Amino acid sequence: MKRILAILASLTFASSLAAKPVYEKQEPPRRLNALQSAKAEANYQKYCSLCHGADRQGYANDHAPSLRSKSLFESGVPHAILRPLSYGREGTAMAGYLDEVGGPMDLDEVWDLTYWLFWQSGAERVRLSENPVAGDISKGEAVFKQHCTSCHGEQGEGVNAPALANPSALAHNKDEFIRYAIVNGRDGTPMKSFYGILSDRDIDNVTAFLRSKARHQSQNSVPLRALPTPDQYIVNPQGADPQFTLTDDMYVSSADLHQALQDKKRMILLDTRVPSVWQRAHIEGAIPFPYYSDLDDKLAGLPKDVQIVGYCSCPRAATEHVIRQLRDKGYSKTAVLWEGIFGWMNLGYPVTRADGIIDEADAATH
C-alpha cells in the first residue's frame, strides 16, 4: 500500500510541474548589410567586450550577462535589448550608450548593434504575451529564496548574476519575459531551466514576486552638461600634491581620496564610465574619460605631473584598463579608486547630481 501511495504521490507531483508553453514564432528582425554588420561588430568590441567578453560569452567583468544566449534573444529582441543598451540600467554598471543621454552611439548604431547581437545568437523570435502573470507574492518569495538567492541575492539585487529586481529592468520587461527565462533558462550561462523542477503555479508566483519589486519611477530627462575643458581638469589647482599609499601599487581607498579632497589636494579625477552616467552623477570635479577613448585624442591638456585618480562602477575593470594605458604612456602618478563610485556612494561620500535627480532617501523627506 505504501508503494502505491508513493507512486500516486509522484504522479500527482509530476502532473503539477510546469507544462512547457509553446510560443508562436515571430518574423525575424531586419538583416544588416555588410557595412552595417561590420560597424556593429566594431562597436560591440569597442564598447561592450570589456564586460560582456570578446565572444559575447558574458561575465568578463561585473557579472555582465552572456549576450549569445538564444533564450535571451528569442524572447528579448528588440526592446529588452535595445532599452538597456540605449538608456542603461540605473543602479548598475550598465550605462546608456545612446547619444541623446550622452553616450557615444546614435540611434541607427544602437538599433544595428541590437540586431547584430540577435543574428549572432542564431535565435528565432517568439511572441510573448502582454498580459500580466498573476501569482502569490509571498509564496513566490519563498520559492525564490529556495532556488535563486545564491546567484541573484535575497531580494533579487544580484550577487554573481543579473539584478532581477532592478526597477528600470522591471519597467521595461513584460511579465512573460521574466517567466520565459525561468521556464527556459539562459543557455550558455549558469541559469538553468526550471521546467520540470517548479510547478506552473510556483513559476507564476516567482514572476509575481519579482514584479512586486518594481516601484514607480519617473524617468526624468537629464539636461546634458557641457563637457569640461582642459583648464578645468585639475581639482584644487593651488593645492599640494596628495601622498597616497597605494595598495598593490594601483589602488586608493575611498576614505583616502575623500580626505585628500577635504584637504584641497591637487588632483585630476577621471570618470571612466560612459558619459551618460557622468551626466547623471559623478564625484565633483571629475572629468569624463570613457574607457573606450582613443587616448591620443584625450591626452591633450592632461598633465603628467599631477596625481590622477580614476574610477568606474564595475567597480575597477574599466579604470584599470585606462590607467594601465596611461602608465604605458608615462603617466606614473596614477591610481584606481578601489571601491568604485557605487562603493564611494554606499560609504556615504558625496557626488554631484544632475538637476532634477533626487535620491530615493531624499525623496522620502520631501
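Me: At what angle do helix H5 and helix H6 pack?
Reply: In this predicted model, H5 (residues 79-87) and H6 (residues 107-121) pack at about 135°, and their axes are 10 Å apart. Axes are lines fitted to C-alpha atoms, for helices over the stretch in contact, and angles run from 0 to 180 degrees between N-to-C directions. Helices are DSSP runs of H or I with at least four residues, strands are runs of E with at least two, and both are numbered from the N terminus.

Me: What does that angle make H5 relative to H6?
Reply: The angle makes H5 oblique to H6. Under 35 degrees counts as roughly parallel, over 145 as roughly antiparallel, 65 to 115 as roughly perpendicular, and the rest as oblique.

Me: Which residues meet there?
Reply: From H5, Ile81, Leu82, Leu85 and Ser86 meet Val110, Trp111, Leu113, Thr114 and Leu117 of H6, where contact means heavy atoms within 4.5 Å. By class there are seven nonpolar, two polar and no charged residues. Ala, Val, Leu, Ile, Met, Phe, Trp, Tyr, Cys and Pro count as nonpolar, Asp, Glu, Lys and Arg as charged, and the others, Gly among them, as polar.

Me: And how do H10 and H11 cross?
Reply: The axes of H10 (residues 175-184) and H11 (residues 200-211) come within 10 Å and cross at roughly 130°. That makes H10 oblique to H11.

Me: Which residues make that contact?
Reply: H10 contributes Asp175, Ile178, Arg179, Ile182 and Val183, while H11 contributes Asp200, Ile203, Asp204, Val206, Thr207, Leu210 and Arg211. The contact of H10 with H11 has six nonpolar, one polar and five charged residues.

Me: Changing topic: is Asp271 buried or exposed?
Reply: Asp271 counts as buried, because its relative accessibility is 0%. Buried means under 20% relative accessible area, exposed over 50%, and partly exposed in between, with a 1.4 Å probe and protein chains only.

Me: Where does Asp271 lie, and what does it touch?
Reply: Asp271 lies in strand E3 (residues 267-271). Leaving out residues up to four places away in sequence, Asp271 touches Trp278, Ala281, His282, Ala286, Ile287, Pro288, Phe289, Pro290 and Tyr311.

Me: How many helices and strands does the chain have?
Reply: The chain has 17 helices and eight strands. Of its 366 residues, 46% count as buried.

Me: What should I know about the numbering and the cut-offs?
Reply: Residues are numbered from 1 along each chain as its sequence is written, and side-chain values use heavy atoms, without hydrogens and water. Local features need pLDDT of at least 70 and side-chain atom pairs count only at pLDDT 80 or more, whereas totals for chains, interfaces and linings use all residues.
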